[in-house]
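Subject: Handover of a structure and its findings

Dear colleague,

Please find the structure below, followed by an account of what was found in it. Kindly read the account with the structure open beside it.

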Amino acid sequence: MNKAIRRLWIASACVFVLLLGALTYIQFFESKTLMANQWNSRTLYDSYGSQRGSIVVGGTEIASSVPSNDGYDYQRVYSQPELYAGLTGYFSSIYGSSGLESAMNDELSGNGDEQFYDRIAQMFSGGKTTGATVELTIDPAIQQTAAELLDGHKGSIVAMNPKTGEILAMASSPSYDPNELSSHDNGAVIDAYSRLNSDPDNPLYNRAIAGNTYSPGSTFKIIDAVAALESGKYNADSVIDNPQELQLPNTTTKLPNYVNGQCSTRTQATIEWALAQSCNTPFAQIAMDLGQDKIAQTAKNFGYGEDLSIPLSVSPSVFPADMSQDQLALASIGQYDVKTTPLQVAMMSSAIANDGKQMKPNLVKSVKSRSLSSLYEFSPSELRTSTSADIASQVKDWMVNDVDNGIASGAAVNGVKVAGKTGTAEIGSTGSNNAWFTGFAPADDPQVAVAVVYEDVDAVTGASLTSPAGKALFEAVLNK
Amino acid sequence: MALSLRQKNDAPRSRYIVGFILSAVAVALCPISMWLIDSEVIAGGDTRWLTATLTLGIGALVLYLVIQFKARFADPLILPLVLALNSIGLAMIYRIDLTTSAQAGASQVMWTGVAMAAAAIVLLFLKDHRALRRVTYISLAVSLFLLLLPLIPGLGLEINGARIWISIAGRTFQPGEIAKITLAIFFAGYLSTHRDLILLAGKRVGPFRLPRFKDLAPMFIAWLLSIGVLVFQRDLGSAILFFGLFMAMIFLATGQVTWLVLGFLFVAAGGFLAYNFISHVYYRISSWVHAFDPDVYNQVVGGSGQIVQGVFGLASGGLFGRGWGNGRPDLVSYSNSDMIIASLGEELGLIGLGALLMMYMLLVSRGFRASLGVRDAFGKLLAAGLSAVMVVQLFVVIGGVTRLIPLTGLTTPFMSAGGSSLLANWVIVALLIAISHSARAPQLVDTFEPEESSDTIDLDSYENDGATSVISRITDHNNADHQGGAVRE
């Protein structure tokens, strides 16, 4: 009988070998394929299995993960969805994530390098990983003001602290409800996404940093003014011809002056007066005199053409190269192929406000782990020196004059010295414009720099919206 | 003889210390695993880990002492191996309790205690495993009674289409698990007595001898039992198990592969009929073959969702596993019972599951080893049969989870949630320990009952070889194995 017992034992050993083989096949060789199977919800659940950190503004959670009973452990919830959609982005099981949900994913999911030791601790304690809380520099009151100003319009507003780079408000209109895209109801998410994605007004864009970039229009004249002073060829007393139309070299094109101000009243102008009335021809002449390399260099000094992460990725603004003189003339007044983001415009004003030093704009104030240990604290850092303190001071005075005596007077705030510059960028030849305002206040101790753009408005409507929006923002910051 | 007796008394002492240490480590696996699963729960004052550890620890200590007292020559590896498997099973059930609505932990701990107590009682009162031979036919009657219990109206309970449970005072019990043991006792008893008749009586037809019908009767009883269980209780797993047990036993008794071939023909015929006429079986097979077919996967009744999700669980574990508490066993139905292998595979990985399989392999090997060593045919058949039934059970469970064979509802011994399974398997372990004690204990010639002598001659060898070579071969084995059996042969 022992022979049979031994045979049976060998058969048993074969069974174990067979079972190990089957397990090896599934767990080792086929593991990746099986994990990728459409019915395998594990990969998807993985991203929902840990409690994602919150995004906090002014002590209030604007994005948080709450326990869920629908098979996922957590549901991402946005408490003020439309107000902050451009910042938070969405966290979708189908379309991935956008905005800070994507840019800060490592921290929010708890997988950041800084959380390495937390993860080790969690591994030994067997707990699930929990993400860090990301607190933003946004001031909820200013954000609210910005959103109300844009309500019903297409456009964007950025407000930042010029001394630190902290972004106080960043609004984009129209907005959307990220809750719709972060739902666990796949059908509803697909419907919502296709509706938003095919909307001609592009609600999914954060226009402040990554929409289709805008022509900066006359706000670009600030860079012309800086370039003029830096060249040494011009100063506050320089007088420049101010023809009502400028025949551009080697073309039949005539560049007209801005029609709504007082440009037509003088045939010669100082830079101060030309800036205040936003006359085109003096700046076109200055630019053609200095040459495109000088203007391009100054634009670069203010951040054109530079990559930036705040930590949302910012589309680089563009000042074109290899232009003919007539193209340069148009570029100098922020037309032609000059493209910018509202954030870039706010950064330009910030640099002027902050004695020529451009601070790195930032949205994230702090990152705190679940154990409340701080993983990151914001500290201001200088991005670059855009121009000298003297030149910044001179341009600042000119911008104050824009508000006090010029066409940016709508931005004036009682008892406060406000610096500003408007812009009206034509969209093709339709008579429709993108209307701009940028500026900062108070001029002698700047607390806030703003950029406001309204898309697709006629010049009069634009003028009635932009400077008053600046005023409302300054009041929101200064009177609170 | 006196000399060899002394040596055998002294030699194992250090091994039992090792056995004690290994048992302690095995028990410690339980709280360590539970702590790894979620230390916060434990830090928060949850005492489930303590209850589980104490139950296991006290049970282990009692069993260890009982073994020292009643079966001190027993194989020292068996107890720690089983303790380790039970520990890990408790930890996984506790872990699944934490994240799903299943609450099997407390009951499983209680049953662990009951099962270990039962094992201790078996060891205490079973002076000699050969005593069981006297209850051969009573065992058959008990088996039939146990198997029929769930069919009694009011007592039986049907869960998910299978009527294999009985419900007493709110607790459910699966009598079929105990029937596994009583059937093994019956087969061992019957075959140890009748194997000569089966082999030698009857007409010779062609190359092999056709047994007489009356000698074949148990085979038909077994076949009818398994088909009966399948038809009336719709429990494919138990049917396969009983049949596997019988096939192993008859092979052990006769040593003829012909029986296995014949047996598999029966299975094939039975399976074919069942596939065509029993929807339960049809679903099992179609969800095995076409598991990844969307129609089969999404089928509400008898679909392959459970199998596929189990396979995903294993795949998710990969080589190293996701670690205790980090998998998603909640995505797999029956994750703490029939599919506990998938849960373990997900969290412990191929390496962890491989280690568990090695432990099973080692446990089964110790069973076969006891079977080889013990001197009486009944003991040999019982030990090898019980070991084989464990292998069959593991093959049915793990083979089912890994899609080697169709998935059938069976528990993984010592690990799956289920009191009856735990009780039955601990009793099996007690029997294996008792038999291993007999196998390893030094014995003098006159302690043997003369009636047993005919059973201990290896019939295969007897037929094929000369008597001298048989004796010398057995002697060689026995010397190598430190057995006393050679003395009397």
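Helices (H or I, at least four residues) and strands (E, at least two) are DSSP runs, numbered from the N terminus. This is a predicted model, in which local features need pLDDT of at least 70 and side-chain atom pairs count only at pLDDT 80 or more, while totals for chains, interfaces and linings use all residues. Residues are numbered from 1 along each chain as its sequence is written, chains are lettered from A and ligands numbered from 1 in the order in which they are written, and side-chain values use heavy atoms, with hydrogens and water left out.

Backbone of chain A

Most residues other than glycine have a negative phi, and most peptide bonds are trans. A cis peptide bond with omega of about 0° joins A:Ser173 and A:Pro174. A:Pro174 lies in the loop between strand S8 (167–173) and helix H9 (178–181) of chain A. Another cis bond runs from A:Ile310 to A:Pro311, with omega near -5°, and A:Pro311 sits in the loop between strand S13 (308–309) and strand S14 (313–314) of chain A. A:Asp355 is not a glycine, yet has a positive phi of about 55°; this residue is in the loop between helix H16 (342–353) and strand S15 (357–359) of chain A.

The contact between the chains

How many residues does each chain bring to the contact? Chain A gives 38 residues and chain B gives 65 residues, where contact means heavy atoms within 4.5 Å. Together the two chains bury about 4600 Å², 69% of it on carbon and sulfur atoms; buried area is the accessible area (1.4 Å probe) that two parts lose on being put together, summed over both. On the side of chain A, A:Met1, A:Trp39 and A:Arg42 lose the most area to chain B, together 20% of what that side buries.

Between chain A and chain B there are zero salt bridges, a salt bridge being a side-chain nitrogen of Lys or Arg within 4 Å of a carboxyl oxygen of Asp or Glu. The elements that give two or more residues to the side of chain A that touches chain B are helices H1 (2–29), H2 (31–36), H3 (42–49) and H7 (116–125) of chain A. Of these, H1(A) gives the most, with 21 residues.

Salt bridges

Side chains of opposite charge can pair when their charged atoms come close. Over all chains, the whole structure holds 19 salt bridges. One of them joins A:Glu101 and A:Arg52, whose closest N and O atoms are 2.9 Å apart. This pair links distant parts of the chain, 49 residues apart: A:Glu101 is in helix H5 (residues 99–103) of chain A, and A:Arg52 is in the loop between H3 and strand S1 (55–57) of chain A.

Yours sincerely
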